[in-house]
Every structure is written in C-alpha cells, then in structure tokens.
Amino acid sequence: MNVLTWADLTAPEQADALRRATAAAGPEVTAGVTEILEQVRSAGDAALRELTARLDGAQPEAIEVSVADRDAAAAGLTPALREAISEAAGRIRAFHEAGMQPGYAVETAPGVVCERVVRPIRRVGLYVPAGSAPLPSTALMLGVPAQLAGCREVVLCTPPRPDGTADPAVLTAAAECGITRIFLVGGAQAVAAMAYGTESVPACDKIFGPGNAWVTEAKRQVSTAEGGPGIDMPAGPSEVLVIADAGADAEFVAADLLSQAEHGPDSQVILLTDSRELAEAVASQVEAQVEALPRADIARKALSASRLVVTPDLETAFEVSNDYAPEHLILSVRDPQSWVGSVDRAGSVFLGDHTPETLGDYCSGTNHVLPTAGAARFTGGVNVAAFQIAMTVQRATPEGLAAVGPCAVVLAEAEQLHAHQRAVTRRLERLAPAGEGR
C-alpha cells in the first residue's frame with residue numbers, strides 16, 4: 001500500500017483517493033440484478049433452483065431447511081462454538097433491549113391526548129451472507145432485535161454450501177433467536193424471493209441484512225418498486241477507516257485494516273494519520289501480516305482500492321472521515337474519548353488501542369449491520385426500532401375540540417383547504433355554549 005500525502009493532492013485526487021471500489025461496477029451490477037429480480041418474480045422456486053445451481057454451484061434437496069436438519073445443527077458444533085453463540089446472543093440482547101423505546105401519551109391540550117404506540121412489523125426477511133465464509137454472527141445481529149421487537153414471522157435466507165446444506169453455525173444462531181423458517185438461497189435472488197414471494201418463500205414487509213454489491217443493489221431495486229418491501233439500509237461491502245496518531249501501534253492498526261479487507265474483494269480500508277512514520281510502519285505491517293492470512297488473495301484485492309493517507313493534523317483527519325462517513329471508525333489515538341465529539345458521521349465507533357472492530361462484529365453487544373457507501377450520513381445501524389412501526393393515536397373530547405379546533409380552522413383557511421376547515425367547524429357548531437359542560 002502506498003502512502004499518500006493529503007495536502008499534496010488536488011481536490012479531484014482527494015475525491016479519487018476516497019472513492020469506493022463498488023462505484024465502478026454500478027452499471028453492470030444494476031443490469032444483472034434487474035435480470036435476476038425479474039427471473040425470480042416470473043418463475044418463483046424454479047428460478048431460485050436454477051440460479052442457486054448456476055451462481056452458487058449447489059443443488060439443495062429442498063429450498064427450505066427441514067426441522068430435523070435445523071434441530072440437529074447444534075450437535076455438529078464444538079461445545080466452544082455453541083457457547084460462544086449463546087454468549088454473544090446474550091450481550092447483543094442486553095444492549096438492544098436497553099435501547100428499546102416504549103410508547104408514550106401526552107395531553108397536548110385539556111381534553112386532547114396524543115399517543116405513540118409501537119407495533120412489530122408483521123413479517124420480516126433476514127439475509128445472512130455466506131459467500132466465501134458463513135456469518136452466523138449476522139443471524140444473531142438480525143435475529144435478536146427481531147425477536148425483541150416481537151415480529152410475528154421471521155424468514156431467514158442464507159446461501160447453501162457446495163453440498164447443498166446450510167451452515168450448521170448459522171442454523172444454530174437462528175435457533176438461538178427463535179427463527180424456524182430458513183431457506184437455502186443467497187444473493188440477489190434471495191432478496192427477490194423475500195420481496196416478491198415464491199411458492200416456498202413468503203413475501204416480507206421489510207428486508208434486512210448486509211451483502212455484496214449485488215445484494216445491496218437488489219435491496220435498493222425492490223424497495224423502490226411499487227408495493228415493494230422496506231429495507232433496513234444500504235449495507236453492502238464492508239469498510240473501515242482508522243484514525244491514528246503517532247502513539248498508535250502499527251501492528252494493531254494493520255491487523256484492524258486486514259480484518260475488514262478479508263471480507264471481500266470489494267471491501268475498502270483507509271488509514272488517516274498525522275504521522276508519516278506510523279503510515280509507513282503500517283504499510284510494512286500490512287505486507288507482512290497479509291502473507292499469513294488464509295484469505296490473503298481476497299484481502300489483497302481489497303487493499304488495491306484502499307489507502308494510507310497522511311493528513312496535516314488530526315483535525316483534518318476527522319474532517320475527511322466525516323466526509324467519507326465510514327461504516328466502521330476506529331480511533332487509535334491517545335485519549336480517544338475526547339475525540340468522540342469530533343465524529344459526526346460513522347456507523348459504529350471503536351475507541352482506543354484495545355477495542356478492535358472485531359468485537360463489534362461478534363460479541364460486544366452492538367449491531368454489526370451498519371450503513372455503508374456513505375449512508376452513515378443519514379442513518380445508523382440496525383436496532384429493535386428498525387423491526388417496528390410507530391403509530392400515532394389521538395383522541396379529543398368536546399372540550400378538547402373546542403380548545404384546539406379554532407387553531408386548525410385558521411391554518412386550514414391559510415392553506416385554502418376548506419373541506420379540512422369544515423370538518424372542524426361543523427363539529428364546533430354542534431357544541432353546547434361554553435360552560436354547559438357537554
């Protein structure tokens with residue numbers, strides 16, 4: 001990885017240094033996803049089988065995982081892995097439960113009560129990627145808040161392994177969250193199945209989960225179609241940005257960069273530092289550490305679109321980070337807590353030398369389904385509220401109508417909406433004279 005000096009770059013060069021690798025693949029991915037969506041919409045389960053065989057190289061006996069296979073999954077895991085899944089679920093549950101927002105009621109005027117009531121989304125679809133590595137942690141990150149929200153139906157799709165079976169760790173994590181309907185289908189076709197419904201997979205009201213550029217584009221397309229489902233957010237190829245000062249440990253910083261680079265060839269990792277010496281040490285560490293990774297080839301492809309950047313000072317580093325709006329932001333700086341106020345845009349922030357992003361990926365308790373591709377500018381990560389809808393309820397007594405009705409009359413007149421106005425005035429005319437206590 002080459003070390004860039006931010007101040008020496010022109011504005012276009014600075015923009016190019018922060019350009020995400022997926023931007024160049026847009027038109028090809030968009031067209032390919034459109035074709036897959038239409039195929040699944042038209043042919044249902046038959047399309048899922050054909051696409052799974054062609055794209056995943058697998059031919060499951062059935063699209064839906066059987067009860068027997070689901071129940072037997074945990075038996076094939078080591079006791080340590082079973083315990084880790086349960087332990088992680090407990091911390092994820094504790095964190096998300098603490099953030100749940102109850103409904104509330106407010107009397108906004110005498111006789112006028114307005115409420116906010118919370119209801120679970122009826123049927124949600126969860127996408128758990130596998131690709132080159134299964135992600136049971138994602139099943140927990142999506143399944144736990146869905147369970148806490150009280151969603152009546154939870155559908156989970158995950159790609160099959162080459163032998164046509166589901167990863168047992170994913171099945172065990174799903175069982176930990178009470179999920180019983182699991183389908184062996186991945187990629188854009190899984191999103192299509194959950195959006196439109198097939199003979200086997202029920203159509204869902206909202207779709208959650210991270211994925212590659214194809215999954216992210218599929219979520220975007222189905223959510224913008226008429227009558228389409230909602231989606232959690234753009235949660236596509238993984239990314240991490242590290243802000244480090246001269247006191248950071250180059251070995252740790254390189255390890256953090258590589259932890260995201262190994263996700264996939266379209267992942268992106270960036271280091272911003274005010275120390276050229278650290279940047280060069282990190283570059284050396286990255287080269288040394290990547291050689292020992294089983295997924296070295298994947299990591300190297302991601303590193304080709306990644307950057308080590310020297311900024312004039314840390315303040316500039318934070319300005320650049322806020323413009324980039326990273327999915328993960330690691331602050332490898334002295335007194336990291338004092339810098340949190342400088343962070344305006346990030347999916348999840350990790351403070352100090354002993355808080356690797358890996359903890360958030362698995363078991364600290366926060367959610368790892370986070371906004372990517374700059375979406376942290378306007379949204380945050382998945383939480384329980386994402387699986388709920390909030391309705392408002394209001395009730396006015398005659399006294400309440402008398403108290404707030406005249407305000408509505410004036411505003412309706414200003415907007416020239418006279419039917420609105422008369423829906424109030426006709427009622428006001430029926431009210432007894434003030435003081436009769438109707």
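Predicted model: local features only at pLDDT ≥ 70, side-chain atom pairs only at ≥ 80, totals over all residues.
## A first look at the fold and its annotated sites

Residues are numbered from 1 along each chain as its sequence is written, and side-chain values use heavy atoms, with hydrogens and water left out. Helices (H or I, at least four residues) and strands (E, at least two) are DSSP runs numbered from the N terminus, and two strands pair if DSSP finds at least two bridges between them.

**Strands and sheets**

- Strand 2 (residues 104–109) and strand 3 (residues 112–120) pair in the antiparallel sense over five bridges, with Ala105 opposite Glu115 in strand 3.
- Strand 3 is also joined to strand 14 (residues 388–396) by nine bridges, and these two run antiparallel; here Val112 stands opposite Ala396.
- Five strands form an open sheet with parallel pairing, in the order 6-5-4-7-8. Its edge strands, strand 6 (181–184) and strand 8 (230–231), each pair on one side only.
- Within that order, strand 4 (residues 123–127) pairs with strand 5 (residues 153–158) in the parallel sense over five bridges, and Glu153 in strand 5 is the bridge partner of Arg123.

**Nonpolar cores**

- A nonpolar core is a set of buried Ala, Val, Leu, Ile, Met, Phe, Trp, Tyr and Cys residues joined through side-chain atoms within 4.5 Å. Buried means under 20% relative accessible area, exposed means over 50%, and partly exposed lies in between (1.4 Å probe, protein chains only).
- The largest nonpolar core has 40 residues, of which Val124, Leu126, Leu140, Leu156, Ile179, Phe208 and Phe387 touch the most other members.
- Two or more residues of this core come from each of helix 5 (79–98), strand 4, helix 6 (136–149), strand 5, helix 7 (168–176) and strand 6. Helix 6 gives the most, with eight residues.
- Leaving out residues up to four places away in sequence, Phe387 touches a list of residues that includes Val124, Leu126, Leu142, Phe208 and Val382. Contact means heavy atoms within 4.5 Å.
- A second, separate core has 27 residues, including Val185, Val191, Ala193 and Val215.
- In soluble globular proteins, nonpolar side chains tend to be buried together.

**Annotated positions**

- An unreviewed UniProt entry lists Ser238, Gln260, His263, His328, Asp361, Glu415 and His420 for "binding site". Such annotations may be inferred rather than shown by experiment; feature names are shortened, and positions follow the numbering used here.
- These positions span 183 residues in sequence, and the farthest two C-alpha atoms are 55.1 Å apart, so they do not all gather at one spot.
- From this set, Ser238, Gln260, His263, His328 and Asp361 belong to the lining of the largest pocket. On a 1 Å grid over the protein atoms alone, a pocket is an open set of points where a 1.4 Å probe fits, with protein on both sides within 12 Å along at least five of seven lines; lining residues have an atom within 4 Å of a point.

**A closer look at individual residues**

- His328 sits in strand 12 (residues 328–332) and is buried, with a relative accessible area of 2%. Not counting residues up to four places away in sequence, His328 touches Ser238, Gln260 and Asp361, among others.
- Asp361 lies in helix 14 (residues 357–362) and counts as buried at 11% relative accessibility. Apart from neighbours within four places in sequence, Asp361 is in contact with Ser137, Met141, Gln260, His263, His328 and His368.
- His263 is in the loop between helix 10 (250–261) and strand 10 (268–273) and is partly exposed, at 36% relative accessible area. Beyond four places in sequence, the contacts of His263 are Ser238, Arg295, Ile298 and Asp361.
- His420 belongs to helix 16 (residues 418–430) and is exposed, with a relative accessible area of 55%.
- Thr372 lies in the loop between helix 14 and strand 14 and counts as buried at 2% relative accessibility. Setting aside residues up to four places away in sequence, Thr372 touches Pro234, Ala235, Gly236, Pro237, Glu239 and Glu327.
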